[in-house]
Amino acid sequence: MPTPLSQVPLLQPVVLQAVGGDRSVRRRLMELGLVPGITLCVRKVAPMGDPLELGVRGGSLSIRRLEAEQLLVELAGGRS
Amino acid sequence: MSLPLIAILGNPNVGKTALFNRLTGQNARVGNYPGVTVDRRSGTVKLPAAEKGAAPVLAELIDIPGTYSLAARSAEEQIALSALLGLDGNPRPALVLIVLDATQLVRNLYLAAQVMELGLPAVLVLNLIDEAGDDPPDPRALTALFGLPCVATSAASGFGLPRLREALREALSAPPAPRLRFAYPPALEADLAALEPQLPAAWAAGSPRGLALWALSSLGGDDELHHVDPGLRAATLVRQQAAEAAGRDLDAEIITTRYAFLDAQAAALSRPPPPRTASERLDRALLHPVFGFAAFLGVMLVVFQALFSWSDPAIGLIEAGVGLVGEAAAGALPAGLLTDLLVEGVIGGVGNVIVFLPQILLLFFFIGLLEDSGYMARAAYLMDRIMRALGLHGRAFVPMLSGFACAVPAIMATRTMERQRDRLLTMMVVPLMTCSARLPVYTLLIGALFPPDQLFGLLPIQGLLMVGMYLFSVVVALAAAGVLGKTLLKGPRVPLILELPPYRMPTLQSLLRLMWERSRLFLTEAGTVILACTVLMWGLLTFPRTEPPEDLDQRPVAEQQAFAAQALEASYAGQVGKAIEPVIAPLGFDWKIGVGMIGAFAAREVFVSTMGLVYGVGADVDEESSSLRDRIRADLRQDGRPTYTPLTGLSLMVFFALAAQCMSTLAIVKRETRGWRWPAFLFVYMTGLAWVASLLVYQTGRLLGLDG
């Protein structure tokens, strides 16, 4: 079952399945390299619970929880 | 003869500005892109000749704002394409210098690939090569892949710069053509083939394929792009709708094809960069829930302290210096109108301009330090949650805080936000913060009208009022941000996309450069408006002139002061004060206060000296002067009631808290927004708000019987 990235535990590697949201947000996220098939993880959560810092493509990128809810992922390596 | 133009393009945080500074040296200029308020930095770059002894080749370098993609949705994002192709009033570059972050190669190549798809001659730079570890990407491999020259550099240390200059010179004489063709799905290729004939002739600088891709990615029902050919727009929408009906996802087709290729190719080019252990360790402390916020507050306290107190000696020195120059001029020239104009209008006006420099220099020193070190991104990360709840950008924090010192540098600091909407919203609320120029007014009124007693025996009334005025300004500013953000400045929701770059040591050179650039912009653009306004204010307070009696100098001081009060009453400012009396009477103010409010337009603290003039106690008073305080307490209305009661004082303070009576603020907003529309709006909304709030305070107070 695909899970929203916002519900994945810290540092758990996951594979991106689909990017949702309205067109401009979705396009912006994909252009930053968040394309289906990529492996990523949530590296940190800001002290007030938002934004989330992602580890992706060897770099770090912070997005809000609202956008992270639109990123559907599956655990890396398994189709649980 | 115009020089060949080189456009420099790259993602944010790749050291593009540092590279630009290295290449142009001391001769950069800051201008504006046509039609939008975005800095356009340009400068001349010297490229050594191939043979020894020959004259160097000169070229003009322009800095395109950092971006992750050429696909655009707003006029600001459209700048990149317009600047690359020479559209919409931009000159057309001969060459593009694409700056890549060697530690983030694939994502950076995504932008570079779009330039290559447009078929533009380009040179690649692998910057930050010193951070890419022991096995960094090889520039020769990139050249082999894309057919473009590639140089590895470190803009911070200067490594690779001589090779880059050579590569640029060679590319100018023999433009290198990029070699890249993504294999898009057949349906998308058909879309491109259908759109290519629809491209306008004005776009001939780019390849039809690249432009058709740009149109498919950028145009849409809700884009805010300008100067797009209507035929192309219509044709694009038709293809987009057909694709949607067929269940296709155009954006994903384009983006995933590009990334699939780049991922496959670049895997061989780049190793994962070494872990940023030092930055990680620092972040553990600086982003910590407790320590991180404490550190943030500490940093902000230092910035505030610098603006509020450290700038004081320099400001005092400038004021004293301007005073001395004025006195010297007055002494050397025959007394008369022209001397008055020179001393009070021109010299005073120059003083009114340069008095802002200490705060501007200090603020941009700190902004440069916070930006270049990487801390500003962390501050935005920490504060995003709070600031978003208030409808403000995470980076609006520094301008809002600076507003407690002075709105002028604070409004200049809104440049750290990328989007016009965020900048405007911040600019519209920053002038509500309790700036230091309001303090003398509050001090005078509180000292004159409120008892130095203590509430319940421990809370000083005067101190409480001062704290109350600060809180009032914060609450009003945040409420105004909420209302404006949901109405006039409502925009499409924009996702936060924040990179936390590794911490880096800022260089003194780039800090000095930023301070110099900002100060120069202020002096040349806002300074002239402030100077003109000072001269105008002088005219209002001087004309029509009351001829002084011959021997005024010999008369007693009291008589001289009485004459000054008379002359002021007869002046245009006095007449305007009387004319607006019916408007301000419901707020509890008489025409004399009206004159003071007009004088305060030069700067709020001028209210104090104007009131000194009005009441005939001389203009040399300050907010602590007992002569002025006594005179204020003693002033009577025509019906014999005192002019000032605590209620009038409170009403007047509320008015000063909210009204946009500061010409320098309006001048800097005019400069930052390129027109009179926003300063006019700022003046009307703040002053309207002030009138209504003072009316409420005064009339409610009267109903409660507090006006006694």
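Tutor: The dialogue below sets values from this predicted model against the definitions behind the terms.

Student: What is the overall make-up of chain B?

Tutor: Chain B has 29 helices and nine strands. Its C-alpha atoms fill a box of roughly 90 × 60 × 55 Å along the principal axes. Of its 708 residues, 54% count as buried. Among contacts in chain B between residues at least 6 apart in sequence, 72% join residues at least 24 apart.

Student: Why is helix 18 of chain B described as largely enclosed by the rest of the structure?

Tutor: A residue is called buried when its relative accessible area is under 20%. Eleven of the twelve residues of helix 18 of chain B are buried, so the helix is largely enclosed by the rest of the structure. Among these buried residues are R438(B), P440(B), Y442(B) and L449(B).

Student: What covers the buried residues of helix 18 of chain B?

Tutor: The cover includes helix 11 (291–332), helix 19 (461–486) and helix 25 (606–614) of chain B. It also includes helix 26 (626–634), helix 27 (646–658) and helix 29 (677–703) of chain B.

Student: How does the span of helix 18 of chain B compare with the expected one?

Tutor: Helix 18 covers residues 438–449 and reaches 17 Å from its first C-alpha to its last. This is close to the 16 Å expected at 1.5 Å a residue.

Student: How do you know whether D191(B) and R239(B) form a salt bridge?

Tutor: The cut-off is 4 Å between a side-chain nitrogen of Lys or Arg and a carboxyl oxygen of Asp or Glu. The closest N and O atoms of D191(B) and R239(B) are 2.9 Å apart, and the pair forms a salt bridge. The pair links distant parts of the chain, with D191(B) in helix 6 (residues 186–195) and R239(B) in helix 8 (residues 230–245) of chain B, 48 residues apart.

Student: Are D191(B) and R239(B) buried or partly exposed?

Tutor: D191(B) has a relative accessible area of 2% and is therefore buried. R239(B), at 27%, is partly exposed, because that class lies between the limits of 20% and 50%.

Student: What makes R633(B) and D630(B) a salt bridge, and where do they lie?

Tutor: Their closest N and O atoms are 3.1 Å apart, and the limit is 4 Å. R633(B) and D630(B) both lie in helix 26 of chain B, three residues apart, about one turn of the helix. R633(B) is partly exposed at 40% relative accessibility, and D630(B) is partly exposed at 42%.

Student: What can be said of R555(B) and E559(B)?

Tutor: R555(B) forms a salt bridge with E559(B), with the closest N and O atoms 3.0 Å apart. R555(B) counts as partly exposed at 30% relative accessibility, and E559(B) does so at 38%. Over all chains, the structure holds 37 salt bridges.

Student: How many salt bridges does the rule find across the interface of chain A and chain B?

Tutor: The rule finds seven there. One pair is E280(B) and R43(A), whose closest N and O atoms are 2.3 Å apart. R43(A), K44(A), E53(A) and E280(B) are linked in a network of salt bridges. Between chain A and chain B, 17 residue pairs are in polar contact.

Student: Which elements of chain A supply the side that touches chain B?

Tutor: Helix 1 (23–31), strand 3 (39–45), strand 5 (59–63) and helix 2 (65–68) of chain A each supply at least two residues. Helix 1 of chain A gives the most, with eight residues. In total, the contact takes 32 residues from chain A and 45 residues from chain B. The two chains bury about 3,400 Å² between them, 53% of it on carbon and sulfur atoms.

Student: What of C533(B)?

Tutor: The closest cysteine sulfur to that of C533(B) is in C662(B), and the distance of 10.0 Å is too far for a bond. Over all chains, the count comes to zero disulfides.

Key: Residues are numbered from 1 along each chain as its sequence is written. Chains are lettered from A and ligands numbered from 1 in the order in which they are written. This is a predicted model: local features need pLDDT of at least 70, side-chain atom pairs count only at pLDDT 80 or more; totals for chains, interfaces and linings use all residues. Side-chain values use heavy atoms; hydrogens and water are left out. Helices (H or I, at least four residues) and strands (E, at least two) are DSSP runs, numbered from the N terminus. The expected span of a helix is 1.5 Å times one less than its number of residues. Buried means under 20% relative accessible area, exposed over 50%, partly exposed in between (1.4 Å probe, protein chains only). Contact means heavy atoms within 4.5 Å. A disulfide is a pair of cysteine sulfur atoms within 2.5 Å. Buried area is the accessible area (1.4 Å probe) that two parts lose on being put together, summed over both. A polar contact is a pair of N or O atoms within 3.5 Å; within protein, one must be able to donate a hydrogen and the other to accept it, and residues adjacent in sequence count only if both atoms are side-chain atoms.
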